[in-house]
Amino acid sequence: MKNYKYSEITPEKVYNNRRKFIKSVGLGLGSLSLSSMSLLNNAHSSESNSELTSYKDITTYNNYYEFGTGKGDPYKNSQEFKIKPWSVSIEGEVENPITLSADEILSLYPSEERIYRLRCVEGWSMVIPWMGFSLSKLLSKVSIKTEAKFVEFESVYDPEQMKGQRYPVLNWPYKEGLRIDEAMHSLTTVVTGLYGKALPNQNGAPLRIFVPWKYGFKSAKAIVKIKLVKKMPTSSWMKASPREYGFYSNVNPNVSHPRWSQASERVVGGSLLSPRVETQMFNGYEDEVANLYSGMDLKKYF
Amino acid sequence: MLTQTNKIYLKVVIFTLSLVPLFYIIYQILTNQLGPEPIKDITHHTGKWTLYFIVITLAMTPLKKITKLNIWINYRRMFGLFIFFYASVHLMTYVGLDYRFDLTSIGDDIIKKKYIFIGFTAWLLLIPLAVTSNKRMMKILKDKWKKLHRLIYLISLFGAIHYLWLVKRDLTEPLIFLAIILILLTFRFKFNKN
């Protein structure tokens, strides 16, 4: 493991943008740089893919089927998408169900920079400087009942604005889920921005979830509902192809997808001559999350 | 009717045009126009052009029957060889660029993943066709040549299925390919009966 200095990893332009952003949202400078340092250390347990993916690649190469199935479609088709007003309800097995606007959430929970790897189930990866905060903070607001065992995330359904939802490519609205202990883990993030800027529409604005040790599709975008439930929810991808997409979908090089390799990945933004890199257990976050799955057969619960 | 010289000119033009997809991707590589996953772009591009040349090659016989012109057949062999050419570039992109000749991983892929298995099989089956595509082999093999070259029907189906099996969710394009290939294949049976 190598510790990175802030200056080593952040291009100057980005750094400056970030300063501006901090001023604009009025966050404390001290808390931001401290918290992001520790996360930086976590995020880079591998030297092979430690460089930040460019802003351009992060914002133009996306899987977001609500805006189309092509990688460039989300960027092309989401620019007019309206994210105001926006509200998120937290309901189900909770003592105090609430509905908060996106603005309220942003002001209640200060965002910090969180640099995490993203590993797509298709076999490519990025390193993304997200802005966000732990989902556990938001969930602590509603007093979760002891019956609640899982969390279900629901993304927005708006076929008027989201072209891709006019076709039954997936079961709309997009649904994802986590076990409660996964949801409460500090790495599980409510994302509010990236590269120190507000979250672009194509990346799941205004609010999305990010779970760094799971394949990308587990991280629901543009969420409108967080529901605490007793039973394991069925996600949209599980419904589409249960043989290919399991509930857990932890990044695991030892459990191959029926149709493509999970042992290695291509780092997005590399040249023709950049080699594949080995995929790491739990996407490199094994130290932090392996204890959630002790005693579980990860081949069975894939 | 075209004169012999015109036929040769036409052949040169078609040959050059058939290389355009190759030059196009080379141009994109050199000018840095490929997306964030350039190897995937090259793989998809050459794979698609393999399928396009399968369709073009299979279309020659129906076009001959429909237009009652023999000229189409003059170019069938060249198109067929371009199937092999683009399929080989496609395969080499996967083997050399993507997996850097890591034969253990590739072998594992071929055994475990059915779309790679069927694609690789299709490429293997193309080899005897490419080798026997010259006039000398036609003479040596006589009747057997025609039978051997009917393998392209099977190869074309394998190619379409290879595409169908690898696509994640939206099956529209591979199904269109499969449909076109099936239509072109039914022409064979229809005209054979007549």
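Okay, so first off, what you're looking at is a predicted model. On confidence, the predictor gives the complex an ipTM of 0.79 and a pTM of 0.82. For chain B, the average pLDDT is 91, with 97% of the residues scoring at least 70.

Let's start in chain A, with strand 11, residues 264-267. What does strand 11 pair with in the parallel sense? That's strand 4 of chain A, residues 124-134, and the two are joined over 2 bridges. If you want to find one of those bridges on screen, go to A:S125 and look across to A:V267 in strand 11.

Strand 11 of chain A also pairs with strand 12, residues 277-278 of chain A, and here the two run antiparallel, again with 2 bridges.

Now over to the interface. How many residues of chain B are in contact with chain A? We get 16 from chain B, against 15 residues of chain A. On the chain B side, the elements giving two or more residues are helix 2 (38-67) and helix 4 (103-112). Helix 4 of chain B gives the most, with 3 residues. And if you sort that side of chain B by class, you have 7 nonpolar, 7 charged and 2 polar residues.

Definitions and conventions: Residues are numbered from 1 along each chain as its sequence is written. Chains are lettered from A and ligands numbered from 1 in the order in which they are written. This is a predicted model: local features need pLDDT of at least 70, side-chain atom pairs count only at pLDDT 80 or more; totals for chains, interfaces and linings use all residues. Two strands pair if DSSP finds at least two bridges between them. Helices (H or I, at least four residues) and strands (E, at least two) are DSSP runs, numbered from the N terminus. Two residues are in contact if their C-beta atoms, placed from the backbone, lie within 7 Å. Ala, Val, Leu, Ile, Met, Phe, Trp, Tyr, Cys and Pro count as nonpolar, Asp, Glu, Lys and Arg as charged, and the others, Gly among them, as polar. pLDDT is the predictor's confidence in each residue, from 0 to 100.
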